[in-house]
Amino acid sequence: METRPLGRTGADVGVVGLGTWQLGGDWGDVDEDTAGEVLDAALDAGVTLLDTADVYGDGRSEERIRKALAARPDRPFVATKAGRRADPFEAAQYTPENLRAWIDRSRRNLGVDTLDLVQLHCPPPAVYSDQRVYDALDAMVDDGSLAAYGVSVETVAEGLTALEHPGVQSIQVILNVFRRKPLEQLLPAAAARGVGILARVPLASGLLSGRYSESTTFGADDHRNFNRNGEAFDVGETFSGVPYDVGVAAAREFTAICGDRSPAQVALRWVVQQPGVTCVIPGARSVEQARSNAAAADLPPLSDAELADLERLYDERIRAHVHDRW
């Protein structure tokens, strides 16, 4: 698999990684054996970056990664996230003491002394400009608790604010055929500063797989059910904030543009070839999905005509439904 440098961390990672939100919860139940099989399949297929968080299944995702890696000779790059354990969820909770506690917990969950990368997990907006937070992270880099840190953001504005802090090594942002705004300012600004980009939600919560219809239902424990209107967290994390019926209709047109190719793989290939992207991090709930996602790295680049068709699709079907802040 093609590799790219992740910012200034010194690590080179494959262009397709694995997001592991679904291995912890909020996408329906995934049992222990299945989670291990998915992780093994992704790693065997060439994936070298795993993305997780301390709140995915209240640490279950991190622990499953630890167990899956225990018997493997080569350890991939593991990026985790911290901050959503804050209670109440407000900027005042991002103290050095809390950051230390959250990060130490992730070190235990993952079974390592030094975390490869810790990302602030879509914190309240004020946190992105709080120098005390970055000072605390710098101190943990100095003492070896983490090798590098970055931020996960909901908006372009948050990412641009984070880029003002020289210790930031990566930015994780939603980027897909239905969410294009980061291409305008954020990705060029990150590239100019040598900051890596991890692209999440690349399939718009599965819409771009082409498998859903207006009658598709999701389980009660699936965020595509319980967060469709932003009831639990930012609605942009679910179907990229696009109304479900609008997204399903647009996805049909997307599938037609894909022709005889896998829509999910084309969606991933689109992200990989956007200038400034380091790694795209789709999730997978099955061995087949994990292998198929990794294989998207081998697809030929989309043609100029195809890229133009996808931009037209966004302009005509999606743009009016995407909030300006995204």
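**Chat about a predicted model**

Biologist: Is phenylalanine 239 buried or exposed?
Modeller: At 1% relative accessibility, phenylalanine 239 counts as buried. Keep in mind that this is a predicted model.

Biologist: Where is phenylalanine 239 found?
Modeller: Phenylalanine 239 is in the loop between α7 (223-226) and α8 (244-258).

Biologist: What is phi of phenylalanine 239 near?
Modeller: Phi is near 55° there, a positive value in a residue other than glycine. Most residues other than glycine have a negative phi.

Biologist: Which loop holds aspartate 58, and what is its phi?
Modeller: Aspartate 58 lies in the loop between β4 (49-51) and α2. Its phi is positive, about 55°, although aspartate 58 is not a glycine.

Biologist: And how does aspartate 58 count for accessibility?
Modeller: Aspartate 58 counts as partly exposed, because its relative accessibility is 49%.

Biologist: Now peptide bonds. Is the one from aspartate 87 to proline 88 cis or trans?
Modeller: The bond from aspartate 87 to proline 88 is cis, with omega near 0°. Most peptide bonds are trans. Proline 88 sits in the loop between β5 (77-82) and α3.

Biologist: On to the sheet. What is the strand order?
Modeller: The order is β3-β4-β5-β6-β7-β8-β9-β10. It is an open sheet of eight strands, with parallel pairing.

Biologist: Which strands stand at the edges?
Modeller: β3 (18-19) and β10 (279-280) stand at the edges. Each has a single partner strand, so one side of each is left without a neighbour in the sheet.

Biologist: How many bridges pair β7 and β8?
Modeller: Three bridges, in the parallel sense, pair β7 (residues 149-152) with β8 (residues 168-174). In β8, valine 168 is the bridge partner of tyrosine 149.

Biologist: Which strands does α4 touch?
Modeller: α4 packs on the sheet and touches β6 (117-121), β7 and β8. Its direction makes about 140° with that of β7.

Biologist: How many bridges join β8 and β9?
Modeller: β8 and β9 pair over five bridges, in the parallel sense. Serine 170 stands opposite glycine 196 in β9.

Biologist: Why is β9 largely enclosed?
Modeller: Five of the five residues of β9 (residues 196-200) are buried, so the rest of the structure largely encloses that strand.

Biologist: Which way do the β9 residues point?
Modeller: Gly196, Leu198 and Arg200 point one way from β9. Ile197 and Ala199 point the other way, and all are buried. In a regular strand the side chains alternate between the two faces of the sheet.

Biologist: Switching to helices. At what angle do α3 and α4 pack?
Modeller: Helix α3 (residues 96-110) and helix α4 (residues 131-142) pack at about 45°, with axes 9 Å apart. They are therefore oblique to each other. α3 passes α4 in a right-handed crossing.

Biologist: Which residues meet there?
Modeller: From α3, Pro96, Leu99, Arg100 and Ile103 meet Val133, Ala136, Leu137 and Met140 of α4. The residues of that contact divide into seven nonpolar, no polar and one charged.

Biologist: And how do α1 and α2 cross?
Modeller: Helix α1 (residues 32-44) and helix α2 (residues 60-69) cross at roughly 60°, and their axes come within 10 Å. That makes α1 oblique to α2. The crossing is right-handed.

Biologist: Which residues make that contact?
Modeller: Glu32, Ala35, Leu39, Asp40 and Leu43 of α1, with Arg64, Ile65, Lys67, Ala68 and Leu69 of α2. The contact residues of α1 with α2 divide into six nonpolar, no polar and four charged.

Methods: Residues are numbered from 1 along each chain as its sequence is written. This is a predicted model: local features need pLDDT of at least 70, side-chain atom pairs count only at pLDDT 80 or more; totals for chains, interfaces and linings use all residues. Side-chain values use heavy atoms; hydrogens and water are left out. Axes are lines fitted to C-alpha atoms, for helices over the stretch in contact, and angles run from 0 to 180 degrees between N-to-C directions. Helices (H or I, at least four residues) and strands (E, at least two) are DSSP runs, numbered from the N terminus. Angles under 35 degrees count as roughly parallel, over 145 as roughly antiparallel, 65 to 115 as roughly perpendicular and the rest as oblique. A crossing is left-handed if the near helix is turned anticlockwise from the far one by less than a right angle, and right-handed if clockwise. Contact means heavy atoms within 4.5 Å. Ala, Val, Leu, Ile, Met, Phe, Trp, Tyr, Cys and Pro count as nonpolar, Asp, Glu, Lys and Arg as charged, and the others, Gly among them, as polar. Two strands pair if DSSP finds at least two bridges between them. Buried means under 20% relative accessible area, exposed over 50%, partly exposed in between (1.4 Å probe, protein chains only).
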